[in-house]
2 protein chains.
Amino acid sequence: MLKHDPDLDRVFQALADPTRRAIVERLVRGPASVSQLAEPLPMSLAAVVQHLQVLEGSGLVRSEKVGRVRTCRVEPAVLRRTEEWFAGQRTLWERRLERLGELLADETEEKEEKEEK
Amino acid sequence: MLKHDPDLDRVFQALADPTRRAIVERLVRGPASVSQLAEPLPMSLAAVVQHLQVLEGSGLVRSEKVGRVRTCRVEPAVLRRTEEWFAGQRTLWERRLERLGELLADETEEKEEKEEK
DNA sequence: CTAATACTTAAGCATCTCCTTGACTATTGA
DNA sequence: TCAATAGTCAAGGAGATGCTTAAGTATTAG
């Protein structure tokens, strides 16, 4: 218990920033250079590069430089793995509801048995 | 474009902290009081209360006080809505792959047509 | 009534985050 | 070659974050 997943830390931390989420939302539509990513963003290129470093640190984005252009793309596996964390939580929640439902059904049954006497 | 969702900001920000994620993971299994949540956590009760404020601010958790006990529970709708963000990104990614596949198929077709001449 | 319980609030502090500017390197088009 | 392009690196600053301790308020068990 209490084991925390530093990968998830970094992914959520990365996605907590609206600029970085915008970058991810851009990149799922296809790869882009640093300047292309920076173009619609209201900040310096250096700031965008820093955001990209955070995204790369989280594994959400990887990039490679060819000539003077760095091309960035999303890593869908990391996106999917994170989605699965939510699915896991939902499963636990739903299981609890089931148990609660069963319990309620049992109680009703007991009541009915009593009333039949 | 570039409209950022402050709700998602807060949710991801909330989930970026391992302590807060642990609290959510505890709460999907069922409601708990503040003290119960704090018990396994290596920090002061006040710190846990602060984490809970962040979680409530994000909508992930809601709580009500009865007597001197505050009972906390997850808000599954917010969890689900966040999961859907990922599903949306995945959809965009997959659509891009499809288009890429079609393009590739078209090119192959064109090549074959040329070769047939 | 009194003491213990279950928070709540506030102040303070070290650290991290997000951005800036300025100087720099490497590549490429004319 | 020389200037523009594309990105990199480092220092610094305002504000946010994640704790702490200390002092407070209700609520409840005895």
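User: How are residues, chains and ligands labelled, and what pLDDT do local features need?
Analyst: Residues are numbered from 1 along each chain as its sequence is written, while chains are lettered from A and ligands numbered from 1 in the order in which they are written. This is a predicted model, in which totals for chains, interfaces and linings use all residues, side-chain atom pairs count only at pLDDT 80 or more, and local features need pLDDT of at least 70.

User: In what order do the elements of chain A run?
Analyst: Helices (H or I, at least four residues) and strands (E, at least two) are DSSP runs, numbered from the N terminus. Chain A has 5 helices and 3 strands. From the N terminus on, the order is α-α-β-α-α-β-β-α.

User: What percentage of the residues of chain A count as buried?
Analyst: A residue is buried if 20 or more other C-beta atoms lie within 10 Å of its own, exposed if 12 or fewer, and partly exposed in between; the C-beta atoms are placed from the backbone. Chain A has 117 residues. The buried share is 19%.

User: What share of the contacts in chain A with a separation of 6 or more comes from residues 24 or more positions apart?
Analyst: Two residues are in contact if their C-beta atoms, placed from the backbone, lie within 7 Å. For chain A, take the contacts with a separation of 6 or more. Residues 24 or more positions apart account for 51%.

User: How far apart are the end C-alpha atoms of α4(A)?
Analyst: The expected span of a helix is 1.5 Å times one less than its number of residues. With 14 residues, α4(A) should span 20 Å. The end C-alpha atoms agree with that: they are 20 Å apart.

User: Which residues of α4(A) are buried, and what arc do they cover?
Analyst: The buried ones are A:H51, A:L55 and A:S58. The arc is taken from the directions from the helix axis to the C-beta atoms. These residues sit on the same side of α4(A), because their arc is only 55°.

User: Which exposed residues lie on the other side of α4(A)?
Analyst: The cover over the buried residues of α4(A) includes α1, α2 and β2 (61-66) of chain A. On the other side, the exposed residues are A:A46 and A:Q53.

User: Are α1(A) and α4(A) roughly parallel or antiparallel?
Analyst: Two packed helices are described by the angle between their axes and the distance between the axes. Axes are lines fitted to C-alpha atoms, for helices over the stretch in contact, and angles run from 0 to 180 degrees between N-to-C directions; under 35 degrees counts as roughly parallel, over 145 as roughly antiparallel, 65 to 115 as roughly perpendicular and the rest as oblique. The axes of α1 (residues 6-15) and α4 (residues 45-58) of chain A come within 8 Å and cross at roughly 150°. That makes the pair roughly antiparallel.

User: Which residues of α1(A) and α4(A) make the contact?
Analyst: From α1(A) come A:R10, A:V11 and A:A14. From α4(A) come A:V54, A:L55, A:G57 and A:S58.

User: How are α2(A) and α4(A) oriented to each other?
Analyst: Their axes come within 10 Å and cross at roughly 70°. A:T19, A:R20 and A:I23 in α2(A) meet A:H51, A:V54 and A:L55 in α4(A). The two helices are therefore roughly perpendicular.

User: Which residues of α4(B) are buried, and how do they lie on the helix?
Analyst: In chain B, the buried residues of α4 are B:H51, B:L55 and B:S58. Seen down the axis, they fall within an arc of 55°, so they line one face of the helix.

User: Is B:G59 buried or partly exposed?
Analyst: B:G59 is found in the loop between α4 and β2 of chain B, where its phi is positive, about 85°. With 17 other C-beta atoms within 10 Å, B:G59 is partly exposed.

User: Which element gives the largest share of the side of chain B that touches chain A?
Analyst: The contact takes 31 residues from chain B and 31 residues from chain A. On the side of chain B, α1, α2 and α5 (76-116) give two or more residues. The largest share, 12 residues, comes from α5(B).
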